[in-house]
Amino acid sequence: MIAAIISLTILGAALGIILGVANKFLQVEGNPVVEELTAMMPGSNCGQCGFPGCSGAAEAIVSGSAAPTCCPPGGKALATAIAAKLGLTVDLSAMSNEGPKIAMVAEELCIGCCRCSKVCPTDAIIGAAKQVHNVFREACTGCESCIEKCPTEALVMRPVPVTLQHWVMPKPLAA
Amino acid sequence: MSEFLLLLLSTALVNNVVLIKFLGLCPVMGVSKSVDSALGMGLATTFVITLAAGASWMLDNWMLQPLGLGYLRILTFILVIAAVVQFTEMFIKKASPGLYQSLGIYLPLITTNCAVLGVALLNVQQEFSLFKSLLYGFGSALGFTIVLLIFAGLRERIALARVPAAFAGAPISFVTISLLALAFMGFSGLNV
């Protein structure tokens with residue numbers, strides 16, 4: 001038993017040291033600007049920008065293939081901060097600053113056509129044919145691809161409602 | 001010399017690790033969409049299996065058996081394999097970022113590729129010498145790479161063919177690889 005503990009400890013330590021040294025020598029230099037931008041982004045990887053996660057969006061912004069305004073949850077504040085960092089000028093007129101939104105079904109308008117649930121990338125819309133649909137709040141990323149598919153305009157984007165799961169006590173007023 | 005050649009031939013073709021022993025099927029199904037990434041995966045796995053076979057032989061013969069710790073065999077082998085895979089991942093990330101991107105999650109998953117652990121354990125079972133176990137590991141990895149490459153080539157052709165809707169995607173791949181396994185059974189007639 002003592003031999004087992006000691007030998008495995010030595011083995012683990014030796015492998016750890018080898019990997020540590022290898023990590024030092026094989027370090028890959030990432031683009032520091034991309035890393036800084038990724039740190040500035042909301043980090044929820046919601047996918048509303050259409051890129052794979054916040055780091056993907058940061059890469060696209062740095063390479064110039066996306067505008068600094070592409071992040072809806074970040075809002076105006078993030079867009080101006082990114083533009084200041086990269087020395088760009090941005091057109092903020094199209095940006096709204098309402099915080100994250102998710103899709104909701106107006107039940108009196110829904111005809112149960114299933115067109116919205118077919119395009120949802122996260123399978124957040126539940127409902128069968130000729131049954132009123134509904135949206136899983138936890139699964140909806142707010143990508144808005146269902147909105148234009150709805151023939152009766154029953155799908156609308158609403159701010160994320162406050163529920164018991166993510167309610168936080170408001171901060172006290174400053175004296 | 002001919003003994004070593006025969007060992008190489010028998011591990012690579014006759015006792016092919018994927019199609020005869022059915023080890024390491026996950027990367028064969030997962031990374032065989034294009035020949036390029038299949039070649040990269042095959043080379044990475046070859047490196048890992050050969051190194052892991054040698055390292056596990058040394059550990060087993062110089063540490064576990066003298067101390068009577070045979071019951072720690074799987075644990076230590078997994079430890080060594082994980083370290084080798086980590087090292088390979090760092091190396092590929094440094095040497096070829098494109099390959100690193102195309103291999104994706106399957107690169108760290110070499111750790112759990114049962115062909116790697118399987119080869120190390122089979123080495124112990126057959127009580128090979130160090131050189132022979134290195135050769136056994138290299139031969140098995142060679143067989144793995146050959147199957148991965150052939151299968152990736154087949155799948156590239158299938159992607160252009162008109163497959164019935166019910167068979168499209170994974171089903172036709174499984175049918176194809178089982179036919180490939182049947183073809184490889186023909187090598188058992190070599191009798192080496």
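1. Helices here are DSSP runs of H or I with at least four residues, strands are runs of E with at least two, and both are numbered from the N terminus. Please keep in mind throughout that this is a predicted model. On that basis, chain B has eight helices and zero strands. Read from the N terminus, its elements follow the order α-α-α-α-α-α-α-α.

2. Chain A is built from five helices and four strands. From its N terminus on, the order is α-α-α-α-β-α-β-β-β.

3. In chain B, 38% of the 192 residues do. As for contacts with a separation of 6 or more, residues 24 or more positions apart account for 50% of them in chain A. In chain B the corresponding share is 79%.

4. Helix H1 of chain A covers residues 2-25. Its 24 residues should span 34 Å at 1.5 Å a residue, and the end C-alpha atoms are 35 Å apart, which agrees. Is this helix buried or in the open? The number of buried residues among its 24 is zero, so H1(A) lies largely in the open.

5. Next in chain A, look at the pair H2 (residues 32-40) and H3 (residues 53-63). Their axes are 8 Å apart and the helices pack at an angle of about 130°. That angle makes H2(A) oblique to H3(A), and the crossing of the two is right-handed.

6. Which residues make that contact? From H2(A) come A:Val33, A:Val34, A:Leu37 and A:Thr38, and they meet A:Cys54, A:Ser55, A:Ala58, A:Glu59, A:Ile61 and A:Val62 in H3(A). Sorted by class, the contact has seven nonpolar, two polar and one charged residues.

7. The two chains also touch. The contact takes 13 residues from chain A and 13 residues from chain B. On the chain A side, these divide into 10 nonpolar, three polar and no charged.

8. In chain B, my eye went to helix H6 (residues 114-126). With 13 residues at 1.5 Å each, H6(B) should span 18 Å; its end C-alpha atoms are 18 Å apart, which agrees. Buried in H6(B) are B:Ala115, B:Val116, B:Leu117, B:Val119, B:Ala120, B:Leu122 and B:Asn123. What do these buried residues pack against? Their partners are helix H3 (35-67), helix H4 (73-95) and helix H7 (130-160) of chain B.

9. Two of those partners, H3(B) and H7(B), also pack on each other. Their axes come within 8 Å and cross at roughly 165°. Angles over 145 degrees count as roughly antiparallel, and H3(B) and H7(B) are therefore roughly antiparallel to each other. H3(B) passes H7(B) in a right-handed crossing. The residues of this contact divide into 17 nonpolar, 10 polar and one charged.

10. B:Val28 is worth a click. This residue is found in helix H2 (residues 25-30) of chain B. Why does B:Val28 count as buried? The cut-off is 20 or more other C-beta atoms within 10 Å, and B:Val28 counts as buried because it has 24 C-beta neighbours inside that distance. Leaving aside neighbours within four places in sequence, B:Val28 is in contact with B:Val18, B:Val147, B:Leu148 and B:Phe151. B:Val28 and B:Leu149 are 121 residues apart in sequence, yet 9.1 Å apart in space, C-alpha to C-alpha.

11. Finally, two backbone angles to check. Most residues other than glycine have a negative phi. A:Asp123 is not a glycine, but has a positive phi of about 55°. This residue sits in the loop between helix H5 (115-119) and strand S2 (125-126) of chain A. With 9 other C-beta atoms within 10 Å, A:Asp123 is exposed.

12. Where is B:Glu127 found? Its place is the loop between H6 and H7 of chain B, just after H6(B). B:Glu127 counts as exposed, with 9 C-beta neighbours inside 10 Å.

Terms used
Residues numbered from 1 in each chain as written. Chains lettered and ligands numbered in written order. Predicted model: local features only at pLDDT ≥ 70, side-chain atom pairs only at ≥ 80, totals over all residues. Axes fitted to C-alpha atoms, helices over the stretch in contact; angles between N-to-C directions. Parallel < 35°, antiparallel > 145°, perpendicular 65-115°, else oblique. Left-handed = near helix turned anticlockwise from the far one by under 90°. Contact = placed C-beta atoms within 7 Å. Nonpolar A, V, L, I, M, F, W, Y, C, P; charged D, E, K, R; others polar. Expected span 1.5 Å × (residues − 1). Buried ≥ 20, exposed ≤ 12 C-beta atoms within 10 Å, placed from the backbone.
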